[in-house]
Amino acid sequence: MQVAEWNDWCPGCGNFGILNAEQQAISELGIDLKKVVLVSGIGCSGKLPHFVRIPISGVHTLHGRALPFAIGIKLANPELEVIVNAGDGDQLGIGVGHFVSAGRRNVDITVIVHDNGVYGLTKGQASPTLKKGVKTKSLPKPNINDDINPLTVALASGYTFVARGYAYDVKHLKELIKEAIKHKGLALVDVLQPCPTYNDINTKEWYDKRIYKLDWDPVVRSEEDKKKKFLQAMEKALEWGDRIPIGIFYKEERDTFEERISSASPSYKILPPAKVRIEKEGKPTTIIDEILKEKEV
């Protein structure tokens with residue numbers, strides 16, 4: 001796959017690494033490209049679908065609303081492979097309610113958070129993941145808010161696959177994205193993404209001195225194993241400073257929301273909403289007369 005349009009991200013932006021890793025992951029998995037849908041929110045990361053060549057479908061949505069759009073697309077047609085790309089401000093600021101609630105349902109989609117600690121498109125204000133006391137070049141004073149940890153929030157919310165990657169290690173990030181896509185359930189890949197324009201603290205040089213790869217077993221294999229792996233993941237997710245881990249923190253097999261719907265309505269697998277005919281020769285096939293009568297009663 002090649003880029004579809006001229007890419008106007010800043011030179012050195014971590015989004016280039018995420019884009020390359022994502023394209024390579026999709027290509028290597030051999031997925032039918034006509035069944036791939038990339039959903040994005042607002043911000044620098046929101047432009048990612050524009051930079052991927054068709055026949056992959058791209059949906060550039062609203063600020064903080066990429067997840068509900070993606071969930072709607074997946075539930076309407078469960079045959080699609082739906083991948084969300086959104087910034088840390090988009091997902092964990094205005095969109096945090098959707099981010100948390102999604103964990104209850106375990107819809108089979110992949111969520112990739114572009115995590116750079118700033119609102120890059122609007123000139124570098126502190127985003128929800130910027131640490132308290134940090135002063136980047138565009139802030140008049142150090143950040144006075146505590147930060148949100150995407151991994152711990154995802155774990156506590158019920159995500160069944162939780163990972164962290166690094167935008168400048170494309171090969172490793174590609175493998176994480178491949179595992180996230182293959183996972184049946186709600187998967188998060190939080191990507192540490194230097195912003196060379198506005199975040200002059202968490203730079204490539206800063207990350208390169210601290211990042212290390214996890215070497216452990218994150219897979220839950222039994223109910224007894226669940227608590228141990230969950231607490232282990234939480235502990236590692238909180239590690240930040242001189243050493244910052246990347247890799248898969250937690251992986252659990254659980255029934256997906258699509259499977260839950262199928263249990264309640266067996267026809268869902270055969271005829272999901274996207275395949276239901278709603279018109280014939282330009283005329284709606286849905287008869288609403290009875291519905292209107294019920295309202296009158």
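Predicted model: local features only at pLDDT ≥ 70, side-chain atom pairs only at ≥ 80, totals over all residues.

Me: Is R260 buried, partly exposed or exposed?
Reply: The relative accessible area of R260 is 27%. Buried would require a value under 20% and exposed a value over 50%, so R260 counts as partly exposed.

Me: Which parts of the chain does the salt bridge between K174 and E28 tie together?
Reply: The closest N and O atoms of K174 and E28 are 3.1 Å apart, and K174 counts as buried at 9% relative accessibility, whereas E28 is partly exposed with a relative accessible area of 42%. E28 and K174 also belong to a network of salt bridges that links them with E175 and K178. Because K174 lies in helix α6 and E28 in helix α1, the pair ties together parts that are 146 residues apart in sequence, namely α6 and α1.

Me: How many residues apart in sequence are the parts that K47 and D8 tie together?
Reply: K47 forms a salt bridge with D8, with 2.6 Å between the closest N and O atoms. K47 lies in the loop between β1 and β2, while D8 lies in the segment before α1, so the parts they tie together are apart in sequence by 39 residues.

Me: Which strands stand at the edges of the open sheet?
Reply: The sheet has 8 strands in mixed pairing, in the order β2-β1-β3-β4-β8-β7-β10-β9. Two of these strands each have a single partner, so one side of each is left without a neighbour in the sheet, and these are β2 and β9.

Me: Which residue's backbone oxygen does the side chain of N199 reach?
Reply: N199 is placed in the loop between β8 and α7, and at 1% relative accessibility N199 counts as buried. Leaving aside residues up to four places away in sequence, N199 touches N116, G117, V118, L130 and T136. The side chain of N199 reaches, at 2.9 Å, the backbone oxygen of N116.

Terms used:
Residues numbered from 1 in each chain as written. Heavy atoms only, no water. Helix = DSSP H or I, 4+ residues; strand = E, 2+ residues; numbered from the N terminus. Buried < 20%, exposed > 50% of the residue type's maximum accessible area, 1.4 Å probe, protein only. Contact = heavy atoms within 4.5 Å. Polar contact = N/O pair within 3.5 Å; in protein donor to acceptor, adjacent residues only side chain to side chain. Pairing = 2+ DSSP bridges. Salt bridge = Lys/Arg side-chain N within 4 Å of Asp/Glu carboxyl O.
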